Amino acid sequence: MVPLEPGVSLGPAHFRVRRSDLVRYAGASGDFNPIHWSQRVATEVGLPGVIAHGMYTLGLAGRAVAGWAGGTDRVVELGGRFTKPVVVPDDEDGVVVEVAGEVKPTDAAGRVRIDLTVTCGDQKVLGMARAVVVRDE
Amino acid sequence: MPLAPDLAGREFPATAPYDVSRSQIAAFADAIGADDPLHRDPEAARAAGHPDVVAPPTYPIVVAFRAMTAFMADPDVGIELRNVVHSEQRFEADRPIRAGDVLTATISVESVRQAAGTALIATRSAIRTVDGEPVCTAYATLAHRAPDGD
């Protein structure tokens with residue numbers, strides 16, 4: 001495991017996203033907004049196609065952070081802005097979301113901040129994405 | 001229908017208690033592909049100091065989403081669902097959510113900011129156990145586009 005010292009770069013981690021993942025996430029989260037599974041509704045509201053739930057993308061970021069921190073229970077803060085949609089085509093390849101992190105200091109003892117860069121293709125899909133994690137002193 | 005002018009500062013009733021089960025935590029972890037043993041193995045969770053399996057850091061959205069949905073459907077609020085986009089989300093955990101928790105979410109509006117025909121509604125959902133133990137605070141910003149002609 002990479003030590004969580006300020007200045008350290010983490011990842012990138014890569015996550016493949018397919019339509020079936022969005023359907024599964026809709027069921028598990030209770031968010032059945034049709035823009036996340038219906039091409040018809042997505043294009044009717046002006047989207048280029050079915051898009052991933054912003055919370056699905058943030059969930060992938062959380063998964064990367066939990067891995068870097070050495071356990072899901074070490075993640076105490078996580079958040080970001082949903083700046084650009086992750087468009088997920090209806091094929092076997094789907095799209096790939098990339099999550100990279102950079103460790104920053106915090107004022108709290110035993111905690112560091114991880115600034116996240118979350119991209120899909122060449123687009124940044126989350127803005128101001130960051131986490132705070134507990135680390136071993 | 002315009003947004004209620006007095007939204008900022010208002011607090012809405014707590015959601016009905018939501019029971020968190022091991023299988024729900026596993027299903028949510030499966031959906032995002034999270035393979036941490038703490039999500040599925042009660043022994044591993046206990047060894048890490050938790051009474052039962054723990055949920056991923058974004059799982060609180062499941063409870064917060066219920067408060068957000070009720071808030072957006074409240075006719076006094078004046079939101080039109082089709083004009084709303086979830087624009088920002090942040091979680092501050094007091095502790096991880098775990099199997100066996102019975103949780104409620106209480107949503108309040110922190111601020112409403114107008115920007116280029118869109119109202120940015122900053123909300124805060126306090127997630128607590130039914131015994132009143134704070135578990136997580138979920139901050140969501142909802143972008144509400146003014147309906148045509150408003």
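This is a predicted model: local features need pLDDT of at least 70, side-chain atom pairs count only at pLDDT 80 or more; totals for chains, interfaces and linings use all residues.
Figure 1. Residues are numbered from 1 along each chain as its sequence is written, and chains are lettered from A in the order in which they are written. The buried residues of helix 1 of chain A are covered by elements that include strand 1 (9-17) and helix 3 (54-69) of chain A, together with helix 1 and helix 3 of chain B. Helices (H or I, at least four residues) and strands (E, at least two) are DSSP runs, numbered from the N terminus. Helix 1 of chain A comprises residues 19-29, and A:Asp21, A:Leu22, A:Tyr25, A:Ala28 and A:Ser29 are buried in it. Because these residues cover an arc of only 125° around the axis, they are on the same side of helix 1 of chain A; the arc is that of the directions from the helix axis to the C-beta atoms. A residue is buried if 20 or more other C-beta atoms lie within 10 Å of its own, exposed if 12 or fewer, and partly exposed in between, with C-beta atoms placed from the backbone. After helix 1 of chain A comes A:Gly30, which has a positive phi near 85°.

**Figure 2. Strand pairing around strand 6 of chain A.** Strand 6 (residues 126-134) of chain A pairs with strand 2 (residues 75-82) of chain A in the antiparallel sense, over six bridges, where two strands pair if DSSP finds at least two bridges between them. Within this pairing, A:Leu78 has A:Ala131 of strand 6 as its bridge partner. Strand 6 of chain A is also joined by five bridges to strand 4 (residues 111-120) of chain A, again running antiparallel, and here A:Val134 of strand 6 stands opposite A:Arg111.

**Figure 3. The contact between chain A and chain B.** In this view, 26 residues of chain A are in contact with 27 residues of chain B, a contact being counted if the C-beta atoms of two residues, placed from the backbone, lie within 7 Å. On the side of chain B that touches chain A, the elements giving two or more residues are helix 1 (22-32), helix 3 (61-73) and strand 2 (84-93) of chain B, and strand 2 of chain B gives the most, with eight residues. By class, this side of chain B has 16 nonpolar, seven polar and four charged residues, where Ala, Val, Leu, Ile, Met, Phe, Trp, Tyr, Cys and Pro count as nonpolar, Asp, Glu, Lys and Arg as charged, and the others, Gly among them, as polar. Strand 2 of chain A and strand 2 of chain B pair antiparallel over five bridges, and A:Gly80 has B:Gln89 as its bridge partner there.

**Figure 4. The surroundings of B:Glu110 in chain B.** B:Glu110, which lies in strand 3 (residues 102-115) of chain B, is partly exposed, with 13 other C-beta atoms within 10 Å. When residues up to four places away in sequence are not counted, B:Glu110 touches B:Ala122, B:Thr123 and B:Arg124. The C-alpha atoms of B:Glu110 and B:Tyr139 are separated by 9.4 Å, although the two residues are 29 residues apart along the chain.
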